[in-house]
Amino acid sequence: YGARTAVAGVYGPFSQLTLDQPLLATAPYLVPAGILALVSLWSVPRWSRPGRRPLELSLVFALAAGGSVLVTYAAGPVMSAPAPLPPLPGCTACAPLLAATVLDVGTGENSGLIFGSLLTIEGIGTVAMRALAAFAIDLRGPRAGFIAIAAMFIALALLSPMVPKPHEDEA
């Protein structure tokens, strides 16, 4: 959650400092990305299955990482128009997949411990990722913020296959 919410936090400085545009002026560029994000929110629950969710998470995290890197190479407002397309669907698609994965592995007598631990990790990760992105922006500018986010998405894509799969009798 930290990486995907940091994208919104970095986009404002990116718009102001890199594209030399007020954030409101970039709103029309975000409409196609928003539509694609809504399509991903609608479609992901329809094709996702319990046994393959870790792989699905890796896929959407990789999509978000690639999109975050793509944004860093946007040279101006015209080039930045398609740049949000890949990261936003990846960012939005991970939300229902993460929720479903937590429900898949969080059943049984240890469900309270699992949910509590994951929510604690989510809270720490949200603060840490936003701080990392802010630190990168302070050191090198908004493009570095997107690179930091991409690095986190790559790490998540590599770690996702390690999520335990639900037992056959629970799936």
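This is a predicted model: local features need pLDDT of at least 70, side-chain atom pairs count only at pLDDT 80 or more; totals for chains, interfaces and linings use all residues.
Reading from the N terminus on, the order of elements is simply α-α-α-α-α-α-α. The chain has 171 residues, and 39% of them count as buried.

The crossing of α3 past α7 is left-handed. On the α3 side, the residues involved are S58, F61, A62, A64, A65, S68, V69, V71 and T72, and they meet R143, F146, I147, I149, A150, F153, I154, L156 and A157 of α7. Sorted by class, this contact holds 14 nonpolar residues, three polar ones and one charged one.

Helix α7 also packs against helix α1, and here the angle is about 160° with the axes 8 Å apart. These two helices are therefore roughly antiparallel to each other, and α1 passes α7 in a left-handed crossing. From α1 come A3, R4, A6, V7, V10, Y11, P13, F14, L17 and T18; facing them in α7 are P142, R143, G145, F146, I149, M152, F153 and L156. The tally for this contact is 14 nonpolar, two polar and two charged residues.

A pair of aromatic rings is described by the distance of the centres and the angle of the planes. The model has two aromatic pairs by the rule used here. One of them joins F14 and F146 edge-to-face, with 5.4 Å from centre to centre and 90° between the planes. This pair ties together distant parts of the chain, since F14 sits in helix α1 (residues 2-18) and F146 in helix α7, 132 residues apart. Both F14 and F146 are buried.

Helix α1 has another partner in helix α6 (residues 111-140). Their axes are 8 Å apart and the packing angle is about 30°. Angles under 35 degrees count as roughly parallel, so that is how α1 lies relative to α6. The crossing of α1 past α6 is right-handed. The α1 residues G2, A3, T5, A6, V10 and P13 meet G125, T126, M129, R130, A133 and I137 in α6. Seven nonpolar, four polar and one charged residue make up this contact. Some α1 residues show up in the contact with α7 as well, including A3, A6, V10 and P13.

With a relative accessible area of 7%, T101 falls under the 20% limit and so counts as buried. Apart from neighbours within four places in sequence, T101 is in contact with R53, L57 and V163.

Notes: Residues are numbered from 1 along each chain as its sequence is written. Side-chain values use heavy atoms; hydrogens and water are left out. A crossing is left-handed if the near helix is turned anticlockwise from the far one by less than a right angle, and right-handed if clockwise. Helices (H or I, at least four residues) and strands (E, at least two) are DSSP runs, numbered from the N terminus. Contact means heavy atoms within 4.5 Å. Ala, Val, Leu, Ile, Met, Phe, Trp, Tyr, Cys and Pro count as nonpolar, Asp, Glu, Lys and Arg as charged, and the others, Gly among them, as polar. Rings of Phe, Tyr and Trp (its six-membered ring) pair if their centres lie within 6.5 Å; planes under 30 degrees apart count as stacked, over 60 as edge-to-face and the rest as tilted. Buried means under 20% relative accessible area, exposed over 50%, partly exposed in between (1.4 Å probe, protein chains only). Axes are lines fitted to C-alpha atoms, for helices over the stretch in contact, and angles run from 0 to 180 degrees between N-to-C directions. Angles under 35 degrees count as roughly parallel, over 145 as roughly antiparallel, 65 to 115 as roughly perpendicular and the rest as oblique.
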